[in-house]
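Colleague: Please go through the labels used for this model and set each one against its cut-off.

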Amino acid sequence: MGNFRMWLANFMRGRYGTDELNKFLLIVAFVLIILDLFLHVRLLDVATVLLLILIYARMFSRSINARYAENQKFLNFAAKFRGGRTPADKTHKILRCPGCGSQLRVPKGAGNIMISCPNCNSKFQKRV
């Protein structure tokens, strides 16, 4: 068993692996499989196989930058359905400038900070 793990680790070295987009595509593939159990539509079979091929192609791809860009686009698109929150929102907070109303992104947990708006140059203090 140890030899297989070593072989698999060497095989995956330099490859992209899995990400949030692959997980979503895998869930869609499982939903298509379950639908096909009841509907018996040939098109669902073909769609599922093509989707699984896409998942494996992304996972074993050596083009890491391209797969990362695809995943970032997916995360930004999915953020619209999650209330506009992106993964970066876990570490930052969005505030409104009292002078001009523009949105400012500040780090969470920084305590009392003096914020300077880059648009209108007004300064205000806020606890984050």
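Modeller: Cys100 has 40% relative accessibility and so counts as partly exposed, the class between buried (under 20% relative accessible area) and exposed (over 50%), with a 1.4 Å probe and protein chains only. This is a predicted model, where local features need pLDDT of at least 70, side-chain atom pairs count only at pLDDT 80 or more, and totals for chains, interfaces and linings use all residues. Residues are numbered from 1 along each chain as its sequence is written, and side-chain values use heavy atoms, leaving out hydrogens and water.

Colleague: Why does Cys97 count as buried?

Modeller: Cys97 has a relative accessibility of 3%, so the label is buried.

Colleague: How many disulfides does a search of the whole structure find?

Modeller: The search finds zero disulfides, a disulfide being a pair of cysteine sulfur atoms within 2.5 Å. For Cys97, the nearest cysteine sulfur is that of Cys120, 3.6 Å away, and Cys97 is in no disulfide. Cys100 is in no disulfide either, with the sulfur of Cys117 nearest at 3.7 Å.

Colleague: What makes α2 roughly antiparallel to α3?

Modeller: Helix α2 (residues 20–39) and helix α3 (residues 42–59) pack at about 160°, with axes 9 Å apart. Angles over 145 degrees count as roughly antiparallel, so α2 is roughly antiparallel to α3. The contact (heavy atoms within 4.5 Å) includes Leu25, Leu32 and Asp36 of α2 and Leu44, Leu51 and Arg58 of α3.

Colleague: Which classes of residue make up the contact of α2 with α3?

Modeller: There are 16 nonpolar, two polar and three charged residues, with Asp, Glu, Lys and Arg counted as charged.

Definitions and conventions
Axes are lines fitted to C-alpha atoms, for helices over the stretch in contact, and angles run from 0 to 180 degrees between N-to-C directions. Helices (H or I, at least four residues) and strands (E, at least two) are DSSP runs, numbered from the N terminus. Angles under 35 degrees count as roughly parallel, over 145 as roughly antiparallel, 65 to 115 as roughly perpendicular and the rest as oblique.
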